[in-house]
Amino acid sequence: MYIDCHTHLDFFEDNIDKAIEDINNNEILTLANSMDIESYIRNKEYSRKSKFIKACFGIHPWKAAEYTGDLQELISYIEESEIIGEIGLDYLWVEDKKNFEPQRKVFNFILEESIKRSKVVSIHTKDAEEEIYEALKKHNYSKAIIHWYSGDISTLEKFIALGCYFTVSVDIGYSEKTYEVLSKIPIDKLLIETDGPTALEWVNGRYGYPSEIKRVYEKVAEFKNIHIKELMVTIEENFQRLFSEGI
Ligand SMILES: [Zn+2]
């Protein structure tokens with residue numbers, strides 16, 4: 001079975017039915033990451049339409065400054081959601097520095113509450129790699145999917161030593177950096193993702209339906225010089241093992 005370890009189904013908007021059909025036809029186990037509460041509610045609706053979709057609760061760093069509610073109100077969502085995502089920090093694409101402190105507040109709160117409950121967390125680390133590494137290291141926590149890593153190799157090595165998991169995304173075949181990162185990730189920590197329809201558009205201008213995951217698998221298998229079936233088994237094993245980390 002293919003596993004898409006990080007995507008955004010609510011970004012499909014009017015094309016959502018086509019996207020869900022694509023997931024069902026290709027039997028892609030899909031982690032539907034959320035941007036905020038509203039997005040999580042939508043992802044839960046989609047998860048009712050397909051046994052392959054898991055809705056994940058999170059507040060994305062781009063949305064963190066907009067969250068004005070009490071942080072305690074997030075606990076019931078954290079408890080309910082089997083996997084937490086997308087959370088993180090972004091000091092690259094978020095230009096307004098006033099938003100950095102609210103980002104830290106929301107991220108650290110959700111991370112700490114998730115760690116208490118031993119949840120798998122999916123983390124966005126743009127230009128905040130060291131800070132996120134320190135936050136995980138403080139708890140020696142490795143039930144983390146470091147999503148689409150693109151930072152320094154020296155920090156990547158620290159995340160690897162901590163025992164984290166990593167996704168490779170749709171820029172494979174287009175980015176030298178992705179091959180460099182892929183060559184460092186231990187094969188037993190590797191996961192694969194598509195990051196929604198707009199990620200591929202950002203890479204090559206094409207709209208990315210969920211079955212784009214097949215091309216990512218093919219490219220990874222080609223690079224690792226293994227059969228695609230072998231890669232599928234490895235990714236499935238990695239995904240299962242992620243939930244038993246630290247237990
Ligand atoms: Zn994402």
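This is a predicted model: local features need pLDDT of at least 70, side-chain atom pairs count only at pLDDT 80 or more; totals for chains, interfaces and linings use all residues.
## Basis of the model

Local features are given only where pLDDT is at least 70, and side-chain atom pairs only at pLDDT 80 or more, while totals for chains, interfaces and linings use all residues. Residues are numbered from 1 along each chain as its sequence is written, and side-chain values use heavy atoms, without hydrogens and water.

## The zinc site

Four residues coordinate the zinc ion: His6 (NE2), His8 (NE2), Glu86 (OE) and Asp195 (OD), at 2.1 to 2.4 Å. Donors are N, O and S atoms within 2.8 Å of the metal (3.2 Å for Na, K and Ca); water is not among the atoms, so sites may look incomplete.

The spacing of the donor residues in sequence is H-x1-H-x77-E-x108-D. Glu86 belongs to strand β4 (residues 83–88) and Asp195 to the loop between β8 (190–192) and α9, so that the pair, 109 residues apart, links distant parts of the chain. Strands (E, at least two residues) and helices (H or I, at least four) are DSSP runs, numbered from the N terminus.

## The largest pocket

The lining of the largest pocket comprises 23 residues, and Trp62, Trp93, His124, Trp148 and Asp195 lie nearest its centre. On a 1 Å grid over the protein atoms alone, a pocket is an open set of points where a 1.4 Å probe fits, with protein on both sides within 12 Å along at least five of seven lines; lining residues have an atom within 4 Å of a point.

Helix α9 (197–204) gives the most to this lining, with three residues.
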